[in-house]
Amino acid sequence: SSSNKNPIQRKPEHFKLPPPQDDETTTTELLTTRDIYNAIKSVVTSSFGLWGDATINRLLQVRLYDNPSKLIMIRANRSIAPHIQSAVTLLTTIESKAVILTTVSLNGSPRTAKLAALRYMKQSFSSSCHDDSNKNMTKHERHLYERELRRLKERLEQVRTVDG
């Protein structure tokens with residue numbers, strides 16, 4: 001039965017925060033995985049009552065939040081995955097910051113979850129840097145681009161090292 005599966009085989013879920021729409025939402029204050037967990041927990045508790053409150057404490061983990069790509073990696077037991085996905089859809093603020101969350105990928109193992117997160121982060125980086133214009137970069141622009149590539153490499157390594 002699915003309740004006897006070890007935690008590695010449980011279903012992680014991935015959600016993305018879109019980039020800020022205006023200057024009002026850009027802030028130096030970064031969200032933390034704890035902030036995101038508490039916001040999801042609050043919505044689950046208000047939507048599903050005591051059952052939601054008791055269940056979420058055992059079966060939900062916010063594994064990673066990557067601020068530049070606005071990617072959140074959430075791990076949830078298969079039995080509560082639909083409830084978490086509903087709660088995330090209903091979530092409108094985290095730490096008084098307006099958010100709109102959408103599902104990027106649902107995966108059944110940490111390995112496939114990491115691959116999906118890595119793929120998303122690379123696509124996000126490529127679209128933000130307009131890779132097709134790299135040929136005409138100035139020396140300064142090339143330096144900035146290479147610095148951002150190094151930062152992306154560090155962030156990708158964080159995703160690779162997230163444990164299941």
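Biologist: By about how much of a helical turn are Arg 160 and Glu 157 separated in helix 4?

Modeller: In general, an α-helix has 3.6 residues a turn, so residues three or four places apart point the same way. Here, Arg 160 and Glu 157 are three residues apart in helix 4, and therefore about one helical turn separates them. Helices (H or I, at least four residues) and strands (E, at least two) are taken as DSSP runs and numbered from the N terminus. Keep in mind that this is a predicted model, in which local features need pLDDT of at least 70 and side-chain atom pairs count only at pLDDT 80 or more, while totals for chains, interfaces and linings use all residues. Residues are numbered from 1 along each chain as its sequence is written, and side-chain values use heavy atoms, with hydrogens and water left out.

Biologist: What do the side chains of Arg 160 and Glu 157 meet in?

Modeller: They meet in a salt bridge, at 3.6 Å from N to O, the rule being a side-chain nitrogen of Lys or Arg within 4 Å of a carboxyl oxygen of Asp or Glu. Arg 160 is partly exposed at 37% relative accessibility, and Glu 157 is partly exposed at 40%, where buried means under 20% relative accessible area, exposed over 50% and partly exposed in between (1.4 Å probe, protein chains only).

Biologist: How many salt bridges are counted by this rule, and which residues are linked in a network?

Modeller: The count is four, and Arg 147, Glu 148 and Arg 151 form a linked network. Within it, Glu 148 meets Arg 147 at 3.9 Å, N to O, and meets Arg 151 at 2.9 Å, N to O. Arg 151 and Glu 148 lie three residues apart in helix 4, about one turn of the helix.

Biologist: Which residues of helix 4 are buried, and where do they fall when seen down the axis?

Modeller: Tyr 145, Leu 152, Arg 155, Leu 156 and Val 159 are buried. Down the axis of helix 4 the buried residues fall within an arc of 100°, so they line one face; the arc is that of the directions from the helix axis to the C-beta atoms. The face turned away from this buried side carries Lys 139, His 140, Lys 153 and Glu 154, which are exposed.

Biologist: How should I read a pair of rings, and how many aromatic pairs are counted here?

Modeller: A pair of aromatic rings is described by the distance of the centres and the angle of the planes. Rings of Phe, Tyr and Trp (its six-membered ring) pair if their centres lie within 6.5 Å, with planes under 30 degrees apart counted as stacked, over 60 as edge-to-face and the rest as tilted. Two pairs are counted. Phe 48 and Trp 51 form an edge-to-face pair, with 6.1 Å between centres and 80° between planes, and these residues lie three apart in helix 1 (residues 33–59). Phe 48 is partly exposed at 28%, as is Trp 51 at 42%. The rings of Phe 125 and Tyr 145 have centres 6.0 Å apart and planes at 35°, so that pair is tilted. It links distant parts of the chain, Phe 125 being in helix 3 (residues 110–129) and Tyr 145 in helix 4, 20 residues apart. Phe 125 is buried at 8%, and Tyr 145 is buried at 11%.

Biologist: Which members of the largest nonpolar core touch the most other members?

Modeller: As a general idea, in soluble globular proteins nonpolar side chains tend to be buried together. A nonpolar core is a set of buried Ala, Val, Leu, Ile, Met, Phe, Trp, Tyr and Cys residues joined through side-chain atoms within 4.5 Å. Of the 23 residues in the largest one, Ile 40, Leu 60, Ile 74, Ile 84 and Leu 91 touch the most other members. Helix 1, strand 2 (60–66), strand 3 and helix 2 are the elements that give two or more residues to this core, and helix 1 gives the most, with eight.
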